[in-house]
Amino acid sequence: MRELLTKIEQNTRLDRVGDRLQRVVQGTLRAQRVRDLLHGVWLGHPLHPAMVQVPVGAWISAAIVDLMPGQRRAATALVGIGTASALPAAVAGLNDWAALSRDQRRIGLVHAAANTIGVTLYASSLAARLNGRHNLGRALAYLGLSAASTGAYLGGHLAYKQGAQVSQSISELHLVSEGWHPLGDMSTLPQRQLVTREIDDVSVILYRHGEDVTVMLERCPHQSGPLGEGEVQEIDGHACVVCPWHGSTFRLNGGEVVHGPSGNDQVVLPTRVVNGRLEARLP
Ligand code: FES
């Protein structure tokens, strides 16, 4: 299985289809507000993994109910709920997928193909059940569950092995030791400019506004882009840093994600000033 996954990750032939689909997704989901909604920016957490709980839960429940006598209506309802809820979950997944790296997109493409087969089988199962062909509907549903399980396995690989839509910055926190760390004299910090410093070899950005200073991890939660090279923009009255790689935007006074593709907030470290020297520590 590991070899197969590595082959998929390295299969450049998937890029022809992947690149075309990426253009279609980006061309269709053009509005920033829609993309942010689907990335889960409003939630501070990727939306796709939360949304897939509904179809997966409904389909697994249908598989169990199908084993019980006299539960045809319940099983049909569960298959219908699962199939209908899979569509918005797929749109959120495609929106995330379009902002992934190439090797991630290859696995994501096969994940989407397996799930498309699964949804098609479940839709066919629903049609068969509504036409009174319950045995056929049951068989199609079990085939659908097999395809969706393959899709779920690939989705797990995408998230846990390849780190898709997982916060890339959070692991940096484990490299920072306990206690307060000096970050230099306040007098050397310019106003409203990003400054990059290091704490225990972990890069952080500093942003001073008056006497308030934000200290934030520099590595972008999306795909580790250098936020220290980003632009500062005023959005809704808040100073924000825009990642130079794919445009994820974070509030400098709290780290909340304002625009995706990151669905995760950025980590901000608590600060204090002692005798004119700035210090920061782990949250
Ligand atoms: S690395 Fe993709 S938005 Fe920052």
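**Figure 1. A nonpolar patch on the surface of the predicted model.** This is a predicted model. Four residues, Val 56, Ile 60, Ile 64 and Met 68, make up a nonpolar patch on the surface. Together these side chains and their residues account for about 340 Å² of accessible area. One of them, Ile 64, belongs to helix H5, which covers residues 53-65. Ile 64 has a relative accessible area of 47% and is therefore classed as partly exposed, since the exposed class begins over 50% and the buried class lies under 20%.

**Figure 2. Gln 223 in the loop between strands S4 and S5.** Gln 223 sits in the loop that joins strand S4 (212-217) to strand S5 (231-235). Is Gln 223 buried or exposed? Its relative accessibility is 19%, so Gln 223 counts as buried; the cut-off for that class is under 20%. The side chain of Gln 223 reaches the backbone oxygen of Ala 99 at 3.5 Å. Apart from neighbours within four places in sequence, Gln 223 is in contact with Ala 99, Leu 100, Ser 101, Gln 104, Gln 168, Trp 245 and His 246. Cys 243 lies 20 residues from Gln 223 along the chain, and the C-alpha atoms of the two are separated by 9.9 Å.

**Figure 3. Gln 104 in helix H7.** Gln 104 is part of helix H7, which runs over residues 102-130. With a relative accessibility of 6%, Gln 104 is counted as buried. Which backbone oxygen lies 2.9 Å from a polar atom of the side chain of Gln 104? That oxygen belongs to Gln 162. Gln 162 is also among the contacts of Gln 104 beyond four places in sequence, together with Leu 158, Gly 163, Ala 164 and Gln 223.

**Figure 4. The chain as the setting for the close-up views.** The chain contains eight helices and 11 strands. Its C-alpha trace spans about 80 × 40 × 35 Å along the principal axes. Of its 283 residues, 47% count as buried, and Gln 104 and Gln 223 are counted as buried. The accessible surface of the chain comes to about 14,700 Å², with 56% of this belonging to carbon and sulfur atoms. Where contacts join residues at least 6 apart in sequence, 58% of them are between residues at least 24 apart.

How values were computed:
Residues numbered from 1 in each chain as written. Predicted model: local features only at pLDDT ≥ 70, side-chain atom pairs only at ≥ 80, totals over all residues. Heavy atoms only, no water. Patch = residues over 30% accessible without salt bridge, like charges linked within 9 Å, V, L, I, M, F, W, Y side chains within 5 Å. Areas by Shrake-Rupley, 256 points an atom, 1.4 Å probe, with all protein chains shown as cover. Helix = DSSP H or I, 4+ residues; strand = E, 2+ residues; numbered from the N terminus. Buried < 20%, exposed > 50% of the residue type's maximum accessible area, 1.4 Å probe, protein only. Contact = heavy atoms within 4.5 Å. Polar contact = N/O pair within 3.5 Å; in protein donor to acceptor, adjacent residues only side chain to side chain.
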